[in-house]
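Please walk through this model with me.

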Amino acid sequence: MPEKTSPCAAGTASPPASRSLREACRGNVRALDRNRIVTDSLKLLVEVKEARMQKSLVAEFLGTFWLVFGGCGSAVLAAAYPELGIGFVGVAFAFGLTVLTMAYAVGGISGGHFNPAVSLGLTVAGRFPVARLVPYIVVQVVGAVAAAALLYLIASGKAGFELGGFAANGYGDHSPGGYSLLSALLIEVLLTMFFLIIILGSTSSRVPAGFAPLAIGLGLTLIHLVSIPVTNTSVNPARSTGQALFVGGWALQQLWLFWIAPLAGGALGGLVWKFLDDAD
């Protein structure tokens with residue numbers, strides 16, 4: 001049997017119909033080209049978004065790592081050093097400086113959250129997409145645990161090393177000042193709420209650009225100056241988790257508070273700011 005060929009193949013059309021067939025074939029080719037261009041563009045867009053997301057997650061890991069290593073490291077290694085210890089004030093500034101420096105370093109890549117409570121608060125305020133919330137929280141916790149692990153390796157290199165509190169957060173008998181569960185709950189919720197208001201306000205379009213890390217870093221410093229005696233200051237579930245995993249025991253038993261209170265405070269801060277500035 002003779003092989004069937006497409007009517008678009010050259011030489012198959014009779015002369016009167018050849019022009020209309022050629023035009024139809026060219027139209028089909030153009031439609032296929034357009035479909036291919038759209039498909040390729042969508043694939044490229046997805047690849048670009050995935051690459052940006054990966055960079056954002058790496059930036060969040062590094063920022064959270066630096067916050068925990070710098071802040072908790074100052075408490076573990078330098079706070080009570082004989083005669084030269086930096087004390088509560090030094091630790092407070094160390095935490096503030098970690099956020100300030102990394103907000104300038106990688107804030108433009110990931111937004112500079114470094115804290116699950118911040119990510120949640122920004123989501124509630126409509127400043128951060130819900131789809132990114134869980135990945136951000138995961139890498140923040142991983143960064144905090146990695147920092148705590150490295151800090152443990154360094155601290156344990158000293159002769160006569162004792163783990164002690166290891167800058168873990170606690171209440172009751174494990175509060176630096178012996179404060180109760182209720183006191184710890186209230187201060188963690190309140191300070192995290194105000195931390196979110198500071199973040200959202202300082203990054204608003206209504207204030208000069210470029211100064212937000214200063215306000216955020218100094219805000220975190222103030223938070224630590226107030227609350228180190230109460231809970232050793234969390235306002236950051238990732239920071240609390242990293243230290244608690246190495247202390248174990250009581251720190252893990254009390255860790256629930258340092259997830260629930262900061263997350264509740266972060267969500268409240270997002271709601272308050274949304275009410276104050278719903279047009280932002």
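Predicted model: local features only at pLDDT ≥ 70, side-chain atom pairs only at ≥ 80, totals over all residues.

Two elements, α2 (87-110) and α6 (212-231), each give two or more residues to the patch. The largest share comes from α6, with four residues.

Leucine 97 is found in helix α2. Its relative accessible area is 48%, so leucine 97 falls between the 20% and 50% limits and is partly exposed. Leucine 218 lies in helix α6. Here the relative accessible area is 52%, which is over 50%, so leucine 218 counts as exposed.

Now turn to a covered helix. How many of the nine residues of α3 (residues 116-124) are buried? Seven are, and the helix is mostly covered. The buried residues are Pro116, Ala117, Val118, Ser119, Gly121, Leu122 and Thr123. What do they pack against? The partners are α4 (133-155), α5 (181-202), α7 (237-247) and α9 (257-276).

Both ends of α3 deserve a look. At its start, a side-chain oxygen of asparagine 115 reaches to within 2.8 Å of the backbone nitrogen of alanine 117. Just after α3, glycine 126 takes a positive phi of about 80 degrees.

Next comes a loop residue. Serine 175 lies between α4 and α5. Its relative accessible area is 6%, so serine 175 is buried, the limit being 20%. A polar atom of the serine 175 side chain lies 2.9 Å from the backbone nitrogen of tyrosine 179. Leaving aside residues up to four places away in sequence, serine 175 touches Gly170, Pro229 and Val230.

The aromatic rings come next. The structure holds seven aromatic pairs. In one of them, phenylalanine 65 and phenylalanine 69 have ring centres 5.9 Å apart and planes at 10 degrees, so the pair is stacked. Both residues lie in helix α1 (residues 15-78). They are four residues apart, about one turn of the helix. Elsewhere, Tyr152, Phe161, Phe166 and Phe246 form one aromatic cluster.

Last, the charges. How many salt bridges does a search of the whole structure find? It finds one. Aspartate 277 pairs with arginine 206, and the closest N and O atoms are 2.8 Å apart.

Are the two partners buried or exposed? Aspartate 277 has 5% relative accessibility and counts as buried. Arginine 206 is exposed, with a relative accessible area of 62%.

Terms used:
Residues numbered from 1 in each chain as written. Heavy atoms only, no water. Phe/Tyr/Trp six-rings, centres within 6.5 Å; stacked < 30°, edge-to-face > 60°. Buried < 20%, exposed > 50% of the residue type's maximum accessible area, 1.4 Å probe, protein only. Contact = heavy atoms within 4.5 Å. Polar contact = N/O pair within 3.5 Å; in protein donor to acceptor, adjacent residues only side chain to side chain. Salt bridge = Lys/Arg side-chain N within 4 Å of Asp/Glu carboxyl O.
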